[in-house]
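Subject: Handover of a structure and the findings from it

Dear colleague,

Please find below the structure that I am handing over to you. An account of the findings follows it.

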Amino acid sequence: MTLFPRLGFHIPPMTSVDHLHLHVFALPWNSVLASSKYPISEGGAGYVKGWSWFVSVEQTVQILEKGGGVRVGPS
């Protein structure tokens, strides 16, 4: 069970506001609905992340360091 904060970003167009903002969540989740709203999908086959509309700070840094762009699909 993860007890530390989760940090991440929504990926456009799945944003609720029109500026970049960091989400900080205290874990563990207290509902299944909350955990499903902010999924972090691990990548595979050379990708840092899989299909999801939420990306962790660590994934974002890795993708940008490789010269890629963060998107809903695998990055």
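Contact here means heavy atoms within 4.5 Å. Helices (H or I, at least four residues) and strands (E, at least two) are DSSP runs, numbered from the N terminus. The model is a predicted one, in which local features need pLDDT of at least 70 and side-chain atom pairs count only at pLDDT 80 or more, while totals for chains, interfaces and linings use all residues. Residues are numbered from 1 along each chain as its sequence is written, and side-chain values use heavy atoms, with hydrogens and water left out.

Helix H2

Helix H2 comprises residues 57–65, and within it Gln-59, Thr-60 and Ile-63 are buried. Buried stands for under 20% relative accessible area, exposed for over 50%, and partly exposed for values in between (1.4 Å probe, protein chains only). These three residues lie on the same side of H2, because they cover an arc of only 100° around the axis; the arc is that of the directions from the helix axis to the C-beta atoms. The cover over the buried residues of H2 includes S1 and strand S3 (54–56). On the face turned away from the buried side, H2 carries the exposed residues Glu-58 and Glu-65. Just after H2, Gly-67 adopts a positive phi of about 85°.

Aromatic pairs

How many aromatic pairs does a search of the whole structure find? There are five. Rings of Phe, Tyr and Trp (its six-membered ring) pair if their centres lie within 6.5 Å; planes under 30 degrees apart count as stacked, over 60 as edge-to-face and the rest as tilted. One of the pairs is formed by Phe-25 and Tyr-38, which is tilted, with 4.4 Å centre to centre and 45° between the planes. Phe-25 belongs to strand S2 and Tyr-38 to the loop between H1 and S3, so the pair ties together parts that are 13 residues apart in sequence. Phe-25 and Tyr-38 are both buried. Ring pairs also link Phe-25, Trp-29, Tyr-38 and Phe-54 into a cluster.

Backbone geometry

Most residues other than glycine have a negative phi, and most peptide bonds are trans. A cis peptide bond, with omega of about 10°, joins Leu-27 and Pro-28. Leu-27 is situated in the loop between S2 and helix H1 (32–37), and Pro-28 is in the loop between S2 and H1 as well. Leu-27 counts as buried because its relative accessible area is 11%. Ala-45, a residue other than glycine, has a positive phi near 55°. Ala-45 is found in the loop between H1 and S3, and its relative accessibility of 80% is why Ala-45 counts as exposed.

Surface and loop residues

Leu-7, Leu-22 and Val-24 make up a nonpolar patch on the surface, with about 250 Å² of accessible area together. Like charges are joined within 9 Å, and nonpolar side chains (Val, Leu, Ile, Met, Phe, Trp, Tyr) within 5 Å. Accessible areas come from the Shrake-Rupley method with a 1.4 Å probe; for residues, only the protein chains shown count as cover. Leu-22 sits in the loop between strand S1 (6–10) and strand S2 (23–25), and with a relative accessible area of 45% Leu-22 is partly exposed.

Yours sincerely

Conventions: Patch = residues over 30% accessible without salt bridge, like charges linked within 9 Å, V, L, I, M, F, W, Y side chains within 5 Å. Salt bridge = Lys/Arg side-chain N within 4 Å of Asp/Glu carboxyl O.
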